[in-house]
Amino acid sequence: MTSLLSPRCPVVIPVPAVGPVPVFGQGLGEPYARALHLGGGTLTLRPHDASPDAGRRGCEVTLDVLGWCSETSVLERNLLQTLQGPVLDIGCGPGRMLSAARSLGLSALGIDTSAEAVNLACGRGARALEQSVFAPVPQSGNWRSALLLDGNIGIGGNVARLLRRCRQLITPLGTLLVEVDPDDDIDAAYQAVLEDSEGNRSEPFAWARTGRRGLEARATAAGWALAPTEHLQGRTFCRLSPVPDRARPVRSSVKIVTAAPMVRTAQKTTRFPA
Ligand SMILES: C[S@@+](CC[C@H](N)C(=O)[O-])C[C@H]1O[C@@H](n2cnc3c(N)ncnc32)[C@H](O)[C@@H]1O
């Protein structure tokens, strides 16, 4: 922590040191990287103990890493076939949707904050960048389709901000395909931690769990029109299309917070003890 000394008032004002913003499953015991490295396992996402939201309904969730590392299901391929390229997969994980897009002849790029996820995606022959969705994204404003398939619009822990950011990335005639939480009514934003079955825990990070109603409540203000919800095999998908700028109220744009993206190759990176 550094400090500022105000010339008028000789009081030391603490200024928090600026460091990287903790993201999904990273830091400390690196449970997400470990699980991707193993190609499976169960992770538990739960509120950080110190969070005022700790213990709120439904905030704890069990995640199946094998599913993310596997091939796409028929349902997911069918959904992809309804989209036009180029496709941006936001939070692409190990690249399941990217390799399916490629096999369907759709041009696609993945972005993800996890180096391990990006390496796995590249190892599958996909194109992926290790970067946050809130950092400058190549071809911003020109993506014909974008995917947000983390299952609950969790990325960044602020649904409205994420929707506004996605609105900047997509072409005026584009489609944003979002998988929301299957519980229509859940709408929680909180500091979460990820933990594996061995007790390896991540740093706390901002996350959200939001269902259909939470998305509907924020989509219009973020510049999106919503098509009817699709309930498919126990999962809930929403398609959003941009409302033209002139047809909506002016508001300030999302601040870009992180550095330029790093292009990853298929080399393996291990950032935790072997
Ligand atoms: C629940 S996983 C979903 C993986 C993938 N979409 C799938 O369906 O297989 C969420 C992914 O979002 C990524 N992520 C988290 N915060 C992000 C951010 N700010 N920008 C880009 N990706 C992010 C995580 O690293 C993780 O790979």
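A residue counts as near a molecule or strand if its C-beta atom, placed from the backbone, lies within 6 Å of it. With that in hand, welcome to this predicted model, where local features need pLDDT of at least 70, side-chain atom pairs count only at pLDDT 80 or more, and totals for chains, interfaces and linings use all residues. Residues are numbered from 1 along each chain as its sequence is written. The chain holds seven helices and 15 strands; these are DSSP runs numbered from the N terminus, with helices (H or I) of at least four residues and strands (E) of at least two.

**Around the ligand**
- Of the 21 residues around the ligand, those that come nearest are Phe24, Trp68, Gly91, Gly93 and Ser114.
- The shell divides by class into 11 nonpolar, seven polar and three charged residues. Here Ala, Val, Leu, Ile, Met, Phe, Trp, Tyr, Cys and Pro count as nonpolar, Asp, Glu, Lys and Arg as charged, and the others, Gly among them, as polar.

**The chain as a whole**
- Of the 274 residues in the chain, 43% are buried. A residue is buried if 20 or more other C-beta atoms lie within 10 Å of its own, exposed if 12 or fewer, and partly exposed in between, with C-beta atoms placed from the backbone.
- Among contacts in the chain with a separation of 6 or more, 67% join residues 24 or more positions apart. Two residues are in contact if their C-beta atoms, placed from the backbone, lie within 7 Å.

**Helices H3 and H4**
- The axes of H3 (74–81) and H4 (residues 96–103) come within 10 Å and cross at roughly 60 degrees, which makes H3 oblique to H4. Angles under 35 degrees count as roughly parallel, over 145 as roughly antiparallel, 65 to 115 as roughly perpendicular and the rest as oblique.
- Those axes are lines fitted to C-alpha atoms, for helices over the stretch in contact, and angles run from 0 to 180 degrees between N-to-C directions.
- On the H3 side the contact uses Glu76, Arg77 and Leu80, and on the H4 side Met97, Ala100 and Ala101. These residues comprise four nonpolar, no polar and two charged.

**Helix H5**
- H5 (residues 115–123) is mostly covered, as seven of its nine residues are buried: Glu116, Ala117, Val118, Asn119, Leu120, Ala121 and Cys122.
- Their cover includes helix H1 (31–38), H4, strand E6 (108–112) and strand E7 (128–130).
- Just after H5, Gly125 takes a positive phi of about 90 degrees.

**Loops worth a look**
- Leu28, in the loop between strand E2 (12–15) and H1, has a positive phi near 45 degrees despite not being glycine. Leu28 is partly exposed, with 16 other C-beta atoms within 10 Å.
- Ser70 sits in the loop between H2 (65–69) and H3. Its C-alpha is 6.6 Å from that of Arg96, 26 residues apart in sequence.
- Pro86 lies in the loop between H3 and strand E5 (87–90), and the peptide bond from Gly85 to Pro86 is cis, with omega near 0 degrees.
- Val137, in the loop between E7 and strand E8 (143–148), is buried, with 24 other C-beta atoms within 10 Å. Leaving aside neighbours within four places in sequence, Val137 is in contact with Ile111 and Leu169.
- Ile153, in the loop between E8 and helix H6 (159–169), is buried, with 29 other C-beta atoms within 10 Å. Ile153 also has a positive phi, near 50 degrees, in a residue other than glycine.
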